[in-house]
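User: Hi! Could you walk me through the packing in this one?
Analyst: Happy to, let's look at it together.
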Amino acid sequence: MSARVLRPPGAESLLVFGHGAGAGMRHRFMEAMAGVLADRRLASFRYQFPYMESGRRRPDRRETLLATVRAAVRAARQAAPDLPLLAGGKSMGGRMTSQALAEQPDRSVLGLVFFGFPLHAPKAPSTERADHLARVTVPMLFLQGTRDSLADLSLLQPICAGLGPRATVHAVDGADHSFHVLKRSGRTDAEVLEELGDTVAVWARGRLSAPA
């Protein structure tokens with residue numbers, strides 16, 4: 001698989017950053033978010049799922065996606081053995097990461113970051129995709145737009161409340177699943193990315209400095 005490491009001077013941690021179903025690791029959101037995180041001394045390890053690497057549009061089978069997540073975590077650990085490790089990703093990349101850790105816990109991963117957890121299909125509210133989260137033992141940060149058609153916050157927030165202190169939800173006002181905001185919101189997409197970066201940085205520092 002292809003991968004790209006962005007490590008800023010003074011990096012404090014490394015995020016293993018999986019892409020969403022429809023766009024690869026070079027998508028503008030992935031590129032921009034990696035840069036925003038780097039500005040906050042958070043390194044990133046972006047990687048490509050096999051179907052995207054070979055130019056196919058349909059995602060790989062679940063077993064292949066999970067194996068790729070695990071391989072990316074191993075590769076990231078080798079690339080920066082001195083940095084605490086976080087994992088997660090955009091939409092599908094984040095959900096596959098949590099599923100991988102729910103099935104096979106990895107003690108090197110200290111927390112999960114979801115950039116738009118895809119709780120359900122558009123216009124089909126359900127919660128089954130979150131069932132595995134109860135088996136994830138590390139802290140989780142959910143960054144969710146209030147206009148996200150793939151995650152009704154009235155469903156996601158109670159799920160996270162049930163997970164107790166392991167789960168933190170940060171709602172991004174007016175943002176959709178791509179973290180795009182409408183012009184009438186008075187904010188720009190770039191400002192939203194800065195909000196995401198600030199939130200991840202504060203959360204990561206709090207979790208990584210907490211007593212084991």
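This is a predicted model: local features need pLDDT of at least 70, side-chain atom pairs count only at pLDDT 80 or more; totals for chains, interfaces and linings use all residues.

User: Great. How many residues are in the largest nonpolar core?
Analyst: The largest nonpolar core has 41 residues. Those with the most contacts inside it are Leu 14, Val 16, Leu 112, Leu 133, Met 140 and Phe 142.

User: And which strands and helices supply it with at least two residues each?
Analyst: The strands are S2 (13-18), S3 (42-47), S4 (85-90), S5 (109-115) and S6 (140-145). The helices are H3 (62-79), H4 (92-103) and H5 (153-162). H3 gives the most, with 6 residues.

User: What does Phe 142 touch, leaving out residues up to four places away in sequence?
Analyst: Phe 142 touches Phe 114, Phe 117, Leu 133, Leu 156, Cys 160, Ala 167, Thr 168, Val 169 and His 170. Apart from the core we've been discussing lies another one, of 24 residues, and Leu 15, Val 36, Val 172 and Ala 204 are among them.

User: Let's switch to S5. Why is it described as largely enclosed by the rest of the structure?
Analyst: Because 6 of the 7 residues of S5 are buried.

User: Which way do S4 and S5 pair, parallel or antiparallel?
Analyst: S4 and S5 pair in the parallel sense, over 5 bridges. Gly 89 stands opposite Phe 114 in S5. Together, S4, H4 and S5 make a right-handed β-α-β unit.

User: How many bridges join S5 to S6?
Analyst: There are 4 bridges between S5 and S6, and these strands run parallel. Here Phe 114 stands opposite Phe 142 in S6.

User: Phe 114 keeps turning up. Is it buried or exposed?
Analyst: Phe 114 counts as buried, because its relative accessibility is 0%.

User: Okay, over to the helices. Where does Thr 68 lie?
Analyst: Thr 68 lies in helix H3. At 8% relative accessibility Thr 68 counts as buried, because the cut-off for buried is under 20%. Leaving aside neighbours within four places in sequence, Thr 68 is in contact with Met 1, Tyr 47, Gln 48, Phe 49 and Pro 50.

User: What span should H6 have, and what does the model show?
Analyst: H6 covers residues 189-208, and at 1.5 Å a residue its 20 residues should span 28 Å. The end C-alpha atoms of H6 are 28 Å apart, so the two agree.

User: Which residues of H6 are buried?
Analyst: They are Val 192, Leu 193, Glu 195, Leu 196, Gly 197, Thr 199, Val 200, Ala 201, Trp 203 and Ala 204. What covers the buried residues of H6 includes helix H1 (28-39), S3, S4, S5, S6 and strand S7 (167-172).

User: Last topic, the rings. How many aromatic pairs are there?
Analyst: The structure holds 7 aromatic pairs. One of them is Phe 29 with Phe 115, edge-to-face at 6.1 Å centre to centre with 70° between the planes. That pair links distant parts of the chain, with Phe 29 in helix H1 and Phe 115 in strand S5, 86 residues apart. Both Phe 29 and Phe 115 are buried.

User: And what about Phe 114 and Phe 117?
Analyst: Phe 114 and Phe 117 also form an edge-to-face pair, at 5.2 Å centre to centre and 85° between the planes. Phe 117 is buried too, with a relative accessible area of 0%.

User: Which rings are linked into a cluster?
Analyst: Ring pairs link Phe 17, Phe 29, Phe 115 and Phe 179 into a cluster.

Note on methods
Residues are numbered from 1 along each chain as its sequence is written. Side-chain values use heavy atoms; hydrogens and water are left out. A nonpolar core is a set of buried Ala, Val, Leu, Ile, Met, Phe, Trp, Tyr and Cys residues joined through side-chain atoms within 4.5 Å. Buried means under 20% relative accessible area, exposed over 50%, partly exposed in between (1.4 Å probe, protein chains only). Contact means heavy atoms within 4.5 Å. Two strands pair if DSSP finds at least two bridges between them. A crossover is right-handed if, with the strands pointing away from the viewer, the path from the first strand over the helix to the second runs clockwise. The expected span of a helix is 1.5 Å times one less than its number of residues. Rings of Phe, Tyr and Trp (its six-membered ring) pair if their centres lie within 6.5 Å; planes under 30 degrees apart count as stacked, over 60 as edge-to-face and the rest as tilted.
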